[in-house]
Amino acid sequence: MLIEAVLGDITTQDVDVVVNAANSSLLGGGGVDGAIHAAAGPRLLDACRELRRTTLPGGLPVGDAVATPGFGLPARWVVHTVGPNRHRGQTDPVLLSSCFARPLELAVGLGASSVAFPAVSAGVYGWAVEDVARVAVGTVRVWQEGTEAGWSPGHPRPHGIELVRFVLFSATALDAFRAELDRA
Ligand code: ADP
């Protein structure tokens with residue numbers, strides 16, 4: 001499984017799953033969320049409203065994730081996750097870690113082979129991008145080790161994920177993620 005970091009716009013990524021840094025309401029916001037909704041088109045908001053009406057009447061809890069189709073995006077699915085908000089005192093890295101682990105679990109269930117993540121919580125939710133990079137890369141690596149334990153090369157990977165791509169919106173964020181990826 002390749003784990004990489006690139007500079008770019010997550011809405012244009014040609015991957016199976018794009019992860020959205022949403023808020024609990026699932027009803028739209030700024031940053032990545034606004035960009036994903038704009039690119040996916042209004043059916044994405046309809047799908048999120050339907051989730052609120054049915055399975056998630058109280059909204060999506062922090063650290064959890066839920067999938068919808070990608071509609072107008074190149075990606076087949078959007079997996080929405082809610083990062084911890086530092087401005088509300090949500091400083092537990094376990095919650096942030098969950099925002100990277102849960103979407104991977106959902107992606108496996110969807111049969112995806114590639115997943116793109118933004119720097120969840122590094123924008124409006126106020127986490128330092130270096131902290132997000134450390135938690136994100138560490139979580140993906142631990143998830144990979146756990147799911148591939150006993151896996152032998154030449155056999156299909158047990159989880160089916162071939163690519164995890166972090167898509168960063170600034171050179172500073174890219175540097176932070178590359179530094180973590182370069183750490184052995
Ligand atoms: P949060 O509310 O979880 O902090 P934000 O959307 O405010 O989420 O920001 C998360 C990160 O995503 C920030 O580093 C921001 O610069 C970045 N970002 C914003 N738009 C995009 C985009 N179109 N593609 C990739 N990253 C983006």
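In helix 4, the buried residues are V129, V132, A133, V135, A136, V137, T139, V140, W143, Q144 and E148. The model is predicted. Those buried residues pack against four elements: strand 1 (2-7), helix 3 (93-110), strand 6 (163-168) and helix 5 (171-182).

**Helix 4 and its partner**

Helix 4 covers residues 129-148, 20 residues in total. From first C-alpha to last it reaches 28 Å, close to the 28 Å expected at 1.5 Å a residue. G150 follows the helix, and its phi is positive, near 85 degrees.

Helix 5 is among the elements that the buried residues of helix 4 pack against. The two helices meet at an angle of about 40 degrees. Their axes lie 9 Å apart. Angles of 65 to 115 degrees count as roughly perpendicular, and those under 35 as roughly parallel. Helix 4 and helix 5 are therefore oblique to each other. The crossing is right-handed.

Which residues of helix 4 and helix 5 make the contact? Helix 4 supplies V129, E130, V132, A133, R134, A136, V137 and R141. Helix 5 supplies T172, A173, A176, F177, E180 and L181. By class, the contact residues divide into 9 nonpolar, 1 polar and 4 charged. V129, V132, A133, A136 and V137 make this contact and are also on the list of buried residues in helix 4.

**Positive phi in two loops**

Most residues other than glycine have a negative phi. F71 has a phi near 50 degrees, a positive value in a residue other than glycine. F71 sits in the loop joining strand 3 (65-69) to strand 4 (77-82). S121 is not a glycine either, yet its phi is positive at about 75 degrees. S121 belongs to the loop between strand 5 (114-117) and helix 4.

Is S121 buried or exposed? Its relative accessibility is 5%, and the cut-off for buried is under 20%. S121 therefore counts as buried. F71 stands at 26% relative accessibility, so F71 counts as partly exposed.

L2 lies in strand 1, an element that the buried residues of helix 4 pack against. Beyond its sequence neighbours up to four places away, L2 touches E162, L163 and V164. L2 has 48% relative accessibility and so counts as partly exposed.

Helix 1 (residues 31-40) holds G34. H37 lies in helix 1 as well. G34 is partly exposed, at a relative accessible area of 25%. From G34 to V137 the C-alpha distance is 25 Å, and the two are 103 residues apart in sequence. V137 is one of the buried residues of helix 4.

What does H37 touch, not counting residues up to four places away in sequence? Its contacts are N20, G28, L44, L45 and C48. H37 has 14% relative accessibility, so H37 counts as buried.

The table sets out accessibility for the single residues discussed above.

| Residue | Relative accessibility | Class |
|---|---|---|
| L2 | 48% | partly exposed |
| G34 | 25% | partly exposed |
| H37 | 14% | buried |
| F71 | 26% | partly exposed |
| S121 | 5% | buried |

Methods
Residues are numbered from 1 along each chain as its sequence is written. This is a predicted model: local features need pLDDT of at least 70, side-chain atom pairs count only at pLDDT 80 or more; totals for chains, interfaces and linings use all residues. Side-chain values use heavy atoms; hydrogens and water are left out. The expected span of a helix is 1.5 Å times one less than its number of residues. Buried means under 20% relative accessible area, exposed over 50%, partly exposed in between (1.4 Å probe, protein chains only). Contact means heavy atoms within 4.5 Å. Axes are lines fitted to C-alpha atoms, for helices over the stretch in contact, and angles run from 0 to 180 degrees between N-to-C directions. Angles under 35 degrees count as roughly parallel, over 145 as roughly antiparallel, 65 to 115 as roughly perpendicular and the rest as oblique. A crossing is left-handed if the near helix is turned anticlockwise from the far one by less than a right angle, and right-handed if clockwise. Ala, Val, Leu, Ile, Met, Phe, Trp, Tyr, Cys and Pro count as nonpolar, Asp, Glu, Lys and Arg as charged, and the others, Gly among them, as polar.
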